[in-house]
Each structure stands twice: as C-alpha cells, then as structure tokens.
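Please consult the sequence and the structure shown here while reading.

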Amino acid sequence: MMTLLRMCVCRFMSKAVIMSSEELLSVDYEVFGRVQGVFFRKYTQSEGKKLGLVGWVRNTDAGTVQGQLQGPASKVQQMQQWLQTTGSPQSRIAKAEFSNERPIDKLDFKDFRVAR
C-alpha cells in the first residue's frame with residue numbers, strides 16, 4: 001500500500017513540476033467580422049475556461065470583440081487559433097489580431113470573465 005501511495009505522490013509531483021515549468025503568457029486580442037449578437041463572448045469565455053486560461057472578453061463600439069488572455073503558453077496559443085478560426089457557431093470571423101504578447105511571472109486575473 002505504501003509503495004502505491006509513493007507512486008501516486010511521485011506522479012502527482014512530477015505533473016506539478018511539468019505544469020509549473022511552462023512559461024506563462026499574456027496577450028491582448030481583437031476579433032473582427034460578425035462577432036457581436038452571436039454569443040461570441042459567451043463561447044470565448046467557455047473555451048478560455050476549458051483551456052484553463054484567465055482573462056476577459058468584451059464587445060466594442062466598433063463591432064469587434066476584444067480582450068486579454070493569460071495562462072500557459074501552449075494553451076494561449078490554442079486559444080489564439082480558436083479565436084482566428086472557430087468562435088461561436090453563428091460567428092463569421094474575418095480576422096483576429098494579437099498584440100502585447102509577453103511573458104508574465106504570475107496571472108493578473110482569477111478567472112475568465114465577460115466584461116461589460
């Protein structure tokens with residue numbers, strides 16, 4: 001029983017080390033196209049949470065959606081791909097622009113929220 005417990009602890013600890021060694025990134029984004037009135041913010045929030053990211057998303061007066069993503073680099077990159085190609089089922093993405101991509105030491109947000 002003790003050997004099994006040690007194996008579980010070792011596996012858990014090795015995963016924690018791997019997870020914590022990945023660089024954290026922050027990136028701002030703006031998505032253009034038919035992205036308002038099609039639940040784009042809700043789907044973005046859901047996808048961000050599913051990937052374990054934090055940040056925010058909001059509509060702009062210009063008819064775009066903008067926000068900020070933070071989390072492990074690989075997950076941020078997955079979300080960038082999602083914002084460029086998938087979005088909500090009714091959306092039609094013309095383009096997504098990313099700016100201010102930078103490594104961070106810690107997350108600035110606790111969750112992924114829809115800002116108003």
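The sections below treat the overall fold, the sheet, the helices, the core and the annotated positions.

**Basis of the report**

This is a predicted model, in which local features need pLDDT of at least 70 and side-chain atom pairs count only at pLDDT 80 or more, while totals for chains, interfaces and linings use all residues. Residues are numbered from 1 along each chain as its sequence is written, and side-chain values use heavy atoms, with hydrogens and water left out.

**Overall fold**

The chain contains three helices and five strands. Helices (H or I, at least four residues) and strands (E, at least two) are DSSP runs, numbered from the N terminus. Along the sequence they follow the pattern α-β-α-β-β-α-β-β. Of the 116 residues in the chain, 34% are buried. Here buried means under 20% relative accessible area, exposed means over 50%, and partly exposed lies in between (1.4 Å probe, protein chains only). A contact means heavy atoms within 4.5 Å. Among contacts between residues at least 6 apart in sequence, 77% join residues at least 24 apart.

**The sheet**

The five strands form an open sheet in the order S4-S1-S3-S2-S5, with mixed pairing. Strand S4 (92-104) and strand S5 (112-114) stand at the edges with a single partner strand each, so one side of each has no neighbour in the sheet. From one strand to the next, the twist averages 15 degrees. Two strands pair if DSSP finds at least two bridges between them.

| Strands | Sense | Bridges | Residues opposite each other |
|---|---|---|---|
| S1 and S3 | antiparallel | eight bridges | Tyr-29 and Gly-67 |
| S2 and S3 | antiparallel | six bridges | Arg-58 and Gln-66 |

S2 and S3 form a hairpin with five residues between them, and Gly-63 in the turn has a positive phi of about 90 degrees.

H3 lies across S1, S3 and S4 and runs at about 155 degrees to S3.

Which residues of H2 are buried? They are Phe-40, Thr-44, Glu-47 and Gly-48. These residues cover an arc of only 100 degrees around the axis, which puts them on the same side of H2. The arc is that of the directions from the helix axis to the C-beta atoms. Their cover includes S1, S2, S3, H3, S4 and S5. Lys-42 and Lys-50, on the other side of H2, are exposed. Just after H2, Gly-52 takes a positive phi of about 80 degrees.

**The nonpolar core**

A nonpolar core is a set of buried Ala, Val, Leu, Ile, Met, Phe, Trp, Tyr and Cys residues joined through side-chain atoms within 4.5 Å. The largest one has 19 residues, of which Tyr-29, Val-31, Phe-40, Leu-53, Leu-69, Met-79 and Leu-83 touch the most other members. S1, S3 and helix H3 (73-85) are the elements that give two or more residues to this core. H3 supplies the largest share, five residues. Not counting residues up to four places away in sequence, the contacts of Tyr-29 include Trp-56, Leu-69, Leu-83, Phe-98 and Phe-112.

**Annotated positions**

An unreviewed UniProt entry carries the annotation "active site" for Arg-41 and Asn-59. UniProt positions are given in the numbering used here, feature names are shortened, and annotations may be inferred rather than shown by experiment. The two residues span 19 residues in sequence, yet no two of their C-alpha atoms are more than 7.6 Å apart, so they gather at one spot.

Arg-41 belongs to helix H2 and, at 24% relative accessibility, counts as partly exposed. Leaving aside neighbours within four places in sequence, its contacts include Val-57, Arg-58, Asn-59 and Arg-116. Asn-59 lies in strand S2 and is likewise partly exposed, at 28% relative accessibility. With neighbours within four places in sequence again left aside, Asn-59 is in contact with Val-35, Gln-36, Arg-41, Thr-64 and Val-65.

Methods: Axes are lines fitted to C-alpha atoms, for helices over the stretch in contact, and angles run from 0 to 180 degrees between N-to-C directions.
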